[in-house]
Amino acid sequence: MSRWGRKNVKKAPEVIRTVTEGLKSLYRQKLLPLEQHYGFHDFHSQSLEDADFDNKPMVLVVGQYSTGKTTFIKYLLEQDIPGSRVGPEPTTDCFTAIMHGEVEGVIPGNALIVDPNKPFRKLNPFGNTFLNRFQCAQMPNQVLESISIIDTPGILSGAKQRVSRGYDFPAVLRWFAERVDLIILLFDAHKLEISDEFSEAIGALKGNEDKLRVVLNKADMVDTQQLMRVYGALMWSLGKVFGTPEVLRVYIGSFWSEPLMITDNRKLFELEEEDLFADIQNLPRNAALRKLNDLVKRARLVRVHAHIISHLKQEMPSVFRKDNKKKNLIHQLPVIFSKIQLQHNISAGDFPDCTKMQEQLMVHDFTKFKTLKPNLMTALDELLSADIAKLMPLLRQEELEAGEQRGVQGGAFLGTHCGPFSEGDPFAEENGEGGEEEEEDWVVTKDKPKYDEIFYNLAPNEGKLSGPKAKDWMVSSRLPNSVLGRIWKLSDVDHDGMLDDEEFALASHLIEVKLEGHGLPPELPTRLIPPSKRRQKGSDI
């Protein structure tokens with residue numbers, strides 16, 4: 001009785017509440033068994049863990065030494081990175097994962113790969129030499145609440161590239177490229193040559209072109225005519241390395257918080273920075289879609305891999321001349337690829353690199369390969385044709401919910417939508433209030449007469465400077481718009497879209513502070529609040 005009863009009991013279907021949960025379930029049930037059966041992890045990337053699905057979107061920053069990679073990250077975060085150093089020589093010698101943490105500190109690589117909550121456990125096969133050059137810098141930062149950033153060692157050129165790193169640098173880059181959401185490839189306007197190691201590194205990024213964004217940094221150091229030539233030379237070099245007729249999008253700018261050296265192309269740099277920042281800010285909204293896309297890409301590669309391995313197994317003799325046959329099959333691999341492509345109607349773009357696979361097959365025993373298992377292949381076909389499609393309504397719902405959020409916030413992103421430094425009309429409402437002058441312990445007081453002279457020379461209307469007028473003067477400091485936007489946000493204390501004499505003096509003081517190399521406070525401390533605004537500020541709180 002109990003036996004028959006057990007037979008009729010049906011397992012309750014798993015309830016999927018998020019796209020990430022659905023992807024994890026599909027991977028564990030339908031894709032992972034196939035990967036293990038056909039030794040996919042010996043040829044391609046390691047198996048995925050829950051942390052790979054749950055982690056925040058990641059940005060990989062790659063480039064030759066001294067192209068401004070670490071400075072670019074510091075510019076985004078507006079905070080120094082623990083353990084980092086900046087200089088004209090190759091200063092970053094580690095892969096550094098920059099992540100959010102309540103306490104600032106550095107976690108070494110060997111400790112990092114045993115943490116189940118971090119998506120780095122599968123880096124273990126790269127060995128101790130790499131792990132000694134891998135670390136995680138944790139810090140409390142608003143930008144890092146939404147994304148994580150991977151800083152990489154500067155790619156070498158000239159005689160330096162002949163010195164071995166002691167680990168497979170392109171393979172490590174490939175591992176990260178498969179898992180990140182965005183890859184930023186930095187070039188210096190004065191250093192466009194693509195060395196052998198740089199070419200290998202770019203080769204390791206192939207297959208992830210949809211994630212790739214090219215940035216031409218330090219463009220403020222050349223004039224318009226030179227910039228046009230530099231841009232043309234870069235596009236020519238990239239066309240040779242990538243070997244595709246499609247033109248990559250290149251963002252031009254100067255990504256640091258210092259004044260621009262040549263301001264001729266300031267407007268261009270502003271628009272380019274705005275586009276790049278929009279790309280980065282949208283990463284959290286598109287995270288689920290990116291994970292889904294990467295899983296489908298992986299599933300298609302697993303299917304091809306299973307067909308290749310089973311074909312090689314079928315072609316092997318049962319007893320004699322195994323070694324000769326193995327060499328023969330490896331030599332004929334391009335023909336085998338074509339045969340599988342026609343026989344199973346698989347796109348050529350789904351196949352792995354033939355030369356690389358020939359090298360990998362040399363060290364494998366073909367007699368241990370497995371033939372096709374119909375039930376596993378059926379499960380994979382179901383995943384690609386039906387299961388992923390069932391997640392789409394859930395994906396659209398998550399996208400609608402994410403659309404209401406503002407994406408990545410904090411750091412340099414704070415200054416992109418502030419006052420006259422944002423697109424649109426920021427001065428729709430003008431409801432400023434006056435206050436009584438109480439100039440006590442205000443740090444700006446001693447320099448206010450100097451700032452007042454500039455203020456009144458700008459012809460204020462009824463004691464206030466409009467946004468556009470103030471912007472024209474602030475831009476003359478040559479500081480980037482994201483920095484000026486933050487200064488505007490701090491200075492426009494009453495949020496009326498205009499600056500009175502005290503607010504203008506505060507803005508001038510903050511500009512001077514920034515030009516001297518100091519940072520800006522996230523919020524205005526009491527000693528910087530203009531005396532007439534202190535009572536008003538207190539009542540707002």
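Two strands are said to pair if DSSP finds at least two bridges between them. In this model, which is predicted, strand β4, formed by residues 134-139, takes part in two such pairings: with β2 it pairs in the parallel sense over 6 bridges, while β3 runs antiparallel to it and is joined to it by 4 bridges.

| Strand paired with β4 | Residues | Sense | Bridges |
|---|---|---|---|
| β2 | 95-100 | parallel | 6 bridges |
| β3 | 105-108 | antiparallel | 4 bridges |

How many of the residues of β4 are buried? The strand is mostly covered, with 6 of its 6 residues buried. In a regular strand the side chains alternate between the two faces of the sheet. In β4 both faces are covered, with F134, C136 and Q138 buried on one side and Q135, A137 and M139 buried on the other.

Turning to the helices, α2 (residues 19-37) and α12 (residues 283-315) pack at an angle of about 10 degrees, and their axes are 11 Å apart. Because angles under 35 degrees count as roughly parallel, α2 is roughly parallel to α12. On the side of α2 the contact is made by V19, L23, Y27, L31, L34 and E35, and on the side of α12 by A288, K291, L292, L295, R298, A299 and V302. The residues of this contact between α2 and α12 divide into 10 nonpolar and 3 charged, with no polar ones.

Note on methods
Residues are numbered from 1 along each chain as its sequence is written. This is a predicted model: local features need pLDDT of at least 70, side-chain atom pairs count only at pLDDT 80 or more; totals for chains, interfaces and linings use all residues. Side-chain values use heavy atoms; hydrogens and water are left out. Axes are lines fitted to C-alpha atoms, for helices over the stretch in contact, and angles run from 0 to 180 degrees between N-to-C directions. Angles under 35 degrees count as roughly parallel, over 145 as roughly antiparallel, 65 to 115 as roughly perpendicular and the rest as oblique. Contact means heavy atoms within 4.5 Å. Ala, Val, Leu, Ile, Met, Phe, Trp, Tyr, Cys and Pro count as nonpolar, Asp, Glu, Lys and Arg as charged, and the others, Gly among them, as polar. Buried means under 20% relative accessible area, exposed over 50%, partly exposed in between (1.4 Å probe, protein chains only).
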